[in-house]
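Here's a quick briefing to read alongside the model. Have the sequence and the 3D view open as you go.

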Amino acid sequence: QVQLVESGGGLVQPGGSLRLSCAASGRIFSIDTMHWYRQAPGKEREWVGGTTSDGTTNYVSSVKGRFTISRDNSKNTMYLEINSLKPEDTAMYYCKAAIQTNEMGYANWYWGQGTQVTVSS
């Protein structure tokens, strides 16, 4: 049993910053790649960025320079630092992680329930 929980969302003015967290818990052998997605009302879920097990990151081009993903393997947690927030960043932000629950070397995908980010003046 594995659970992913996002936190840190809220209402922020344009130009502000937020730090989102995605914490994994349960029977975890190892966590491989972790990703952030977001979904605005009426839009498809969009991949924002991700990080490999060694901390290498990649982002969708539209958020490069403003979004920073990091992870703390000792805490089974991934972070998303968002700077210079824009109204178009308003969305539910979701965490997805590939997690191995035993030593057999196969990872399953897990989703969190999301945390709401609202950017408005």
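Which residues have the most contacts inside the largest nonpolar core? They are Trp36, Phe67, Leu80 and Tyr93, in a core of 27 residues. Before going further, note that this is a predicted model, where local features need pLDDT of at least 70, side-chain atom pairs count only at pLDDT 80 or more, and totals for chains, interfaces and linings use all residues. Residues are numbered from 1 along each chain as its sequence is written, and side-chain values use heavy atoms, with hydrogens and water left out.

**The core**

- A nonpolar core here is a set of buried Ala, Val, Leu, Ile, Met, Phe, Trp, Tyr and Cys residues joined through side-chain atoms within 4.5 Å; buried means under 20% relative accessible area, exposed over 50%, and partly exposed in between (1.4 Å probe, protein chains only).
- For the largest core, the elements giving two or more residues are β1 (2-7), β3, β4 (30-39), β7 (67-72), β8 (77-82), β9 and β11 (115-119).
- Strand β9 gives this core its largest share, five residues. Strands are DSSP runs (E, at least two residues) and helices are too (H or I, at least four), numbered from the N terminus.
- Phe67, skipping its neighbours within four places in sequence, is in contact (heavy atoms within 4.5 Å) with Arg38, Val48, Tyr59, Leu80, Glu81, Ile82, Asp89 and Tyr93.

**The disulfide**

- There's one disulfide in the structure, a disulfide being a pair of cysteine sulfur atoms within 2.5 Å.
- Cys22 and Cys95 form it, with their sulfur atoms 1.9 Å apart.
- Cys22 sits in strand β3 (residues 18-26) and Cys95 in strand β9 (residues 91-100), so the pair ties together parts that are 73 residues apart in sequence.
- The torsion about the S-S bond of Cys22 and Cys95 is about -70°, so this disulfide is left-handed.
- Cys22 is buried at a relative accessible area of 0%, and Cys95 is buried at 0% too.

**Two buried strand residues**

- Leu4 belongs to strand β1 and is buried, with a relative accessible area of 5%.
- Gly49 is found in strand β5 (residues 46-51) and is buried, at a relative accessible area of 0%.
- Setting aside neighbours within four places in sequence, Gly49 is in contact with Met34, His35, Trp36, Asn58, Tyr59 and Ile69.

**Salt bridges**

- Side chains of opposite charge can pair when their charged atoms come close.
- The count comes to four salt bridges, each a side-chain nitrogen of Lys or Arg within 4 Å of a carboxyl oxygen of Asp or Glu.
- Glu81 and Arg19 meet in one of them (3.2 Å, N to O). This pair links distant parts of the chain, with Glu81 in strand β8 and Arg19 in strand β3, 62 residues apart.
- Glu81 is partly exposed at 25% relative accessibility, and Arg19 is partly exposed at 43%.
- Arg38 forms a salt bridge with Glu46, their closest N and O atoms 2.8 Å apart. Arg38 counts as buried at 9% relative accessibility, whereas Glu46 is partly exposed at 29%.
- Arg38 also forms a salt bridge with Asp89, with the closest N and O atoms 2.9 Å apart. Since Arg38 lies in strand β4 and Asp89 in the loop between β8 and β9, the pair ties together parts that are 51 residues apart in sequence.
- Shared partners join Arg38, Glu46, Arg66 and Asp89 into one salt-bridge network.
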